[in-house]
Amino acid sequence: MDVRVWFLPVAVSFATAFLHVVFCKAGRHFRKWLSLAGGIAVAAGCFYSMYVNYMYLSSGQVMSLLFATLISTISLFSVSYSQWYNPEDNFVYDSLLFLFIGAMNGVVLSHSLIALYVYWEIMAVASFFLVLFTDTEEARRAAFKYIIMTGAGSVFLLFSILGIWLIEENIFWKHLFFFSMLIGTGIKAGIFPLHTWLPDAHPAAPTPVSSMLSGVMIKTGIYAMIRFYFVLFKPSWSIGWETILILIGVITLLGGVFLALVQHDIKRLLAYHSISQIGYIMLGIACGTSIGLVGALYHVINHAIFKSLLFLGAGVLIKATGSRELGNYGGLARKLPLTFGVMTVAALSISGVPPFNGFVSKWLIYQALLSKGGEIAVVALAAALLGSVLTLASFIKVLNDSFMGVKKAEISKQGLESSPFMNMPMVLLAAGCLLFGLFPGVVTERFLFPALGEYVPLNIELIKTASLYGWLALAVFCLLFIFGRNWMRKFRKTEPFVGGEIFTAEETAFDGSHFYGTIKEIGPIKRFYSAESTGKLDIYAIAGKILPGVNRVFHNAAVRAVDSVYARGSVILNLAVKKLKLLQNGLLARYIVWLFAGIIFLMEVIRR
Amino acid sequence: MTGQYNLLLLSMLVLPFLGAFGIRLLPGRFSIRGGLVVLLAQLALCSALLKPAFSSKFLFIEIKGILFTCDALSIIFALTSVFIGVLIYLFATGYFVKEPAGERQKFAFWGLVFVGSMMGVVLSDNLISLYTFWELAGLCSWRLIGFYRKDEHLMKADKAFLLTVAGAGLMFLGFTYIYRFTGTLSILEMTNKSIPPFVFALFFLGVLTKSATFPFHTWLADASVAPTPVTAFLHAAVLVKIGIYGMARLFGATLFVGGGVMWAGWLALFSSFAAGIVAMRETDIKKVLAYSTISQLGFMIAALAMFNPIAVRGILIFYVAHALGKGCLFLCAGITERMFGTKDIRAMGGLMKKAPALTYAFLLSMLSVIGIPPLPGFFGKVEAITGMIAGRHIIFAFMAILTSALTLLYLFRLFRYVFMGESKEISFGNAGFKPMNASVVILATVSLLIGIFLVM
């Protein structure tokens, strides 16, 4: 297919970024429309490639386009949203945003691994500056941590890319490169022990950027992992790795969700949920079967939809109250009905409640684990179910703290939920949550199966069953709504009995920071939380602790020791020179003696 | 036609020396500008020779039986040095604005001789003339490191000079052995001949001392007492790159080493790694950059010691990238030093908002040295590491990638201290910021253009 059309999204994004620099003085109004036009053009480019050249593409190209379409669509929404969110006029932000979008599209559209790496690094640098953008102390810390960790990931990825042509030669190297690939992509995707940049960078970034980081950027890691694992290494080879991948998936899933439960900063909470959802995707990939791959890809799409929606909703809350603390929200449902609605939809999606999209993809992943068999798969299935429940629990807390209960923050309705730039993306994403849940057959057959190549599953009934559950759930919801309304009205409302004491509303309300506080007290989990809070799980913090010692060792060995050798040497040299000086005492007799000695020596040499 | 080029070659060799003595006739105030004009002429000469050198014509001149030739390798090194020399002189017109005329004249003179000796090294075909110019460069560095003639500075200059001379002496011994094993001193004639490892070791010692590699690296960090244009000369344009050139010239495609010399690669790599770690704890901006240079030099030598053509090609690209990038970083460091009045990075901060042009230049150069695409440093490093992997040195390649990633750590740390954070008090009191800023911006832009050219 024509390369110019293929790289249209990348070229258009970079051109838009460039135009923002050129028209930096043109004013907010002009550049607002420039951004939107750029975003729409990028998305349109992807859809154009997807529909026009659909028949001629290989399966790998379809997968690239699938990711590119996802990235550009979510980016369009974020770009539109940031027109509302960032009212100040700053061309650097817009320019960086489009550089970031172009690089992400480049990563997934690249034909060669080196090109992938090039875009990968551009993406890292652009997102570094976006995380840094607010330039607070927190942002600086988070951005620095992010660039260091992602740089470490790049090392492993580059090593794997450069060495991958050797994998057929030697089984040891194959394992080595696979491991290296796993770390390189895993840091970007946020798998568990390597995730620690994520909960710091997501809150620090401006909200539209966090929605892109969490919604699509970490998916580029998943994309690279899928392409490497399924195309270059082949799951049929990875006999030992399958178990390890499943274990990684389980740990990521449970670790993320347990940490999310106790967070009270809304963006940090959402970041931990991203990690947990990456765990589901990992489980799908780890199965190495076609149904698992379908589930993983489907979950990638779904997670992009609902997680960016959650972040955009959180942005509205932050904008309204000026705080990220769940404890400062409360009773906002009446003030922000739209946000409440879409956040509820997204929360139900992420928890895997039918008929929303999260249910379908999780269903597929469960099916993949079931068909996989074996003890480890059963354990993973149990963990996945538990994770799903805990996710729901966590989001009940979010919805309760922010929208129900006592109103704690005075907010002005001025300008909130009125701008179409911010309304449209949220409503469209919420509609996406429902549609992708109700019509999984269309999505899988039209988009996912062409992307799979040799991994097309034979058993399509599973997906149909999922959609059946979805419709059933929708019917139940409708019935409940129709009949339940009258039934609900029969309840009698009264004041709670408090034994005579009079409490204020604030005293009886749950606080976001205490909602699941007791979970920290449960036996083995307690140690996990204390380890997390003291930074024992954070490889970045551990490295930061080790580094000064390593520094000192190397400084002593490579600088001080060498210097002292030179100093010693110069002292010895001086002594030797002083000894030699004794010969030059200025007495003629001494010189004559030396002269004769020399002549005799020379003559002796010549004589022989 | 060829005769014309040979005339150009001759003028390329002698112009810096003639210019150096010529500018002594100028009044001291104009000497740096005079040097700038000479170097611009030299740049024009090099550019004129670029095409014939790449089209594999045999360009040579013979002076008293000693051959001087010019091929693609020579012209890359010559052109890069002269280009950076031009920008350093441009920078120096601003930097030395308050110095007395005599000091400016000295800088202009010795700088030109320095560039001239580099020309001599890269054009020499004879090992003896190579050695002569090699030592001449060492002499210039001695005069320039101790530029202000303070006792402490002189000590450091002596250290640099003695170490490099000692190394060069051993290298000279190596040259005599090369003569013994190949029967010639002309590099052209010794193509495809083989020498035993111990001769390589002798030569390698000269490279290690000149290119500041463990355990002979400490002089380079100490040399940061010199004024900024001088350190930029040492690190980016001339001195330490001579070792890289010698290595690339003699062992890139000419001589073969009979026997394994993997230890050389590991030694250089260790040097690179250790310097990278040490750079992370330094708080003097010029020392951080000096250790960074040591680290990058170690990387280059390690890749060259693989004797793999892909790695050599990568190192040529990386050499250009590093020269441009590190030159720019040092010049930026000079500007920040002027602004804050100190070299301590903890006393700096918040330049990002106050000096956007400087930030742009520093950032691009830094990314290029780290090896972030699409800047040229990346392509150099990738080729070099591909060469290592092609030679089946897998673990070595991994360590090399890790080492080059350390660059990211300490340069971003530097960036964080100097450009991010709270704004500190700065003084723009001194005149001369305009040419200084112009030179760093030009260097960074050229880096970017080369990178984009390599992508296309």
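In this predicted model, the buried residues of helix 9 of chain B pack against a set of helices of chain B, namely helix 3 (72-95), helix 4 (101-123), helix 5 (127-145), helix 10 (239-252), helix 12 (285-304) and helix 13. Helix 9 itself covers residues 228-237 of chain B, and because 10 of its 10 residues are buried, it is largely enclosed by the rest of the structure. The buried residues of this helix are T228(B), P229(B), V230(B), T231(B), A232(B), F233(B), L234(B), H235(B), A236(B) and A237(B).

The crossing in which helix 13 of chain B passes helix 16 of chain B is left-handed. On the side of helix 13 of chain B, the contact is made by I310(B), A311(B), R313(B), G314(B), I315(B), I317(B), F318(B), V320(B), A321(B), H322(B) and G325(B). Helix 16 of chain B contributes P376(B), G377(B), F379(B), G380(B), K381(B), V382(B), E383(B), A384(B), T386(B), G387(B), M388(B) and A390(B). By residue class, the contact between helix 13 and helix 16 of chain B comprises 13 nonpolar, 7 polar and 3 charged residues.

Between the chains, 28 residues of chain B are in contact with 28 residues of chain A. On the side of chain B that touches chain A, the elements giving two or more residues are helix 11 (262-279), helix 16 and helix 17 (394-419) of chain B. Of these, helix 17 of chain B gives the most, with 10 residues. The residues on the side of chain B that touches chain A divide into 23 nonpolar, 3 polar and 2 charged.

Turning to local backbone geometry, most residues other than glycine have a negative phi, and most peptide bonds are trans. In chain B, the peptide bond from P373(B) to P374(B) is cis, with omega near 5°, and P374(B) is placed in the loop between helix 15 (356-370) and helix 16 of chain B. A cis peptide bond is also found in chain A, from P354(A) to P355(A), with omega near 10°, where P355(A) lies in the loop between helix 14 (337-350) and helix 15 (357-372) of chain A. As for positive phi values, R392(B), which is not a glycine, has a phi of about 65° and is found in the loop between helix 16 and helix 17 of chain B. With 12 other C-beta atoms within 10 Å, R392(B) is exposed. The phi of N192(B), a residue other than glycine, is likewise positive, near 65°, and N192(B) is found in the loop between helix 6 (151-182) and strand 3 (193-195) of chain B. N192(B) counts as exposed, because it has 9 C-beta neighbours inside 10 Å.

Chain A contains 23 helices and 0 strands, and its C-alpha trace spans about 130 × 70 × 60 Å along its principal axes. Of the 608 residues of chain A, 50% count as buried. Among contacts in chain A between residues at least 6 apart in sequence, 80% join residues at least 24 apart. The chain is divided into domain 1 (1-234), domain 2 (242-489) and domain 3 (539-607). The centres of domain 2 and domain 3 of chain A, taken over C-alpha atoms, are separated by 72 Å.

Within chain A, W120(A) is placed in helix 6 (residues 113-132), and W120(A) counts as buried because it has 28 C-beta neighbours inside 10 Å. When residues up to four places away in sequence are not counted, W120(A) touches V107(A), S154(A) and L157(A). W120(A) and G586(A), by contrast, are 466 residues apart in sequence and 74 Å apart in space, from C-alpha to C-alpha.

Methods. Residues numbered from 1 in each chain as written. Chains lettered and ligands numbered in written order. Predicted model: local features only at pLDDT ≥ 70, side-chain atom pairs only at ≥ 80, totals over all residues. Left-handed = near helix turned anticlockwise from the far one by under 90°. Helix = DSSP H or I, 4+ residues; strand = E, 2+ residues; numbered from the N terminus. Contact = placed C-beta atoms within 7 Å. Nonpolar A, V, L, I, M, F, W, Y, C, P; charged D, E, K, R; others polar. Buried ≥ 20, exposed ≤ 12 C-beta atoms within 10 Å, placed from the backbone. Domains from an automatic or database assignment.
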